[in-house]
Amino acid sequence: MWALALGTAATRTTNPLLLALLVAASAYVVATHRSPAPWARSYAAFVRLGLAVLLVRLLFAVALGTPVPGTHTLFTLPEIPLPHWAQGIRLGGRVTAEALVFAGYDGLKLATLLICVGAANALASPSRLLKSLPGALYETGVAVVVALTFAPHLIADVRRLRAARRLRGRPDRGVRGLLQVALPVLEGALERSVALAAAMESRGYGRTAEVPARVRRTTAALTLGGLLGVCAGTYGLLTAEGGTYGLPVLLAGVAAALAGLRLGGRRSLRTRYRPDPWGVRAWLVAGSGVAVAALLALASARDPDALHPGVVPLVAPAFPLWPALAVLPALLPAFVVPRAPEVPRIPEEPS
């Protein structure tokens, strides 16, 4: 919840200074609380993915152009003429500083969102996440947890295979090394999937209890009605005409959806071994992220120019003081959550 809230906050601004603060906050929390588990190594991969997304966004802006008019021409590429049905699209042509800055702001926002998701992958334990889900969402939670662990295991396989190739004196970089590593990684992922499916089947995953038809119909009606109420209430809050009924309909929809989830949990045949309690620290961690998202959303509505710096005319982004201070609660998990125990390193014997 903390990482997703930071990602939500990143979508509310294109100011590179605020986005850099969000990245720095997530990086500090990951650096101080990363555990020795395999999934904890995925943060660096998400940082590289964010940088790749930023670079691709800039390359698209250079090759295809942007709708932003500009007067500061950096260079001009040979323009390829397109047919009349492709109007509005160009290949090559004039590249302006305004277009590159606009594409950089847009790509940096998406990169920050990916890095925040990477913080969730590096810090959240999949087993603890699965324990926290209600019974009605257990099957969906299993699928989500398996999907979340895919990237860390994939990264661990790539590291292991590259290290093995280096020990054998074979290249592990470049196109050749990538092609020779990709096939064993894919084969290992398929074998792990088959083994996981067999293990889950042998442990009884997917079993459901017999629930009366009346309870099933009530559960479906409450869940569907609650989701419709949430959508209608959210729409009412976003429009000026629905300000009077938006909040009551939203609260009623949330209550109906929670009641549907409560009834739907009867179908799940499972027990909780050593349940993970939701304590004060959990409230502080989740609340810090939600506070950052809420404060940046408020700042985006009250001072949009500071959170969305303009590119025409081309000006340097300002450093808004109180939105920057609103990012500081994102550091709270680094101080309220105990740090993961460090694994002692075995000293190397002299050769």
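Let's start with helices α1 and α10. α1 covers residues 2–10, and α10 covers residues 280–302. Helices here are DSSP runs of H or I, at least four residues, numbered from the N terminus. The two axes come within 8 Å and cross at roughly 10 degrees. Those axes are lines fitted to C-alpha atoms over the stretch in contact, with angles from 0 to 180 degrees between N-to-C directions. So α1 and α10 are roughly parallel, a label for angles under 35 degrees.

A word on the source. This is a predicted model: local features need pLDDT of at least 70, side-chain atom pairs count only at pLDDT 80 or more, and totals for chains, interfaces and linings use all residues. Residues are numbered from 1 along each chain as its sequence is written, and side-chain values use heavy atoms, leaving out hydrogens and water.

Which residues of α1 meet α10? They are Trp2, Ala5, Leu6, Thr8 and Ala9. Contact means heavy atoms within 4.5 Å. Their partners in α10 include Val285, Val292 and Leu296.

Now, is α1 mostly covered or mostly open? Mostly covered: 7 of its 9 residues are buried, meaning under 20% relative accessible area with a 1.4 Å probe, protein chains only. Trp2 and Leu6 are among them. The buried residues of α1 pack against α2, α4, α10 and α13.

Next, the largest nonpolar core. It has 29 residues. Such a core is a set of buried Ala, Val, Leu, Ile, Met, Phe, Trp, Tyr and Cys residues joined through side-chain atoms within 4.5 Å. Trp2, Leu6, Leu22, Val292 and Leu296 touch the most other members. Leu22 itself touches Leu6, Val292 and Leu296, among others, not counting residues up to four places away in sequence.

Methods. Helix = DSSP H or I, 4+ residues; strand = E, 2+ residues; numbered from the N terminus. Parallel < 35°, antiparallel > 145°, perpendicular 65-115°, else oblique. Buried < 20%, exposed > 50% of the residue type's maximum accessible area, 1.4 Å probe, protein only.
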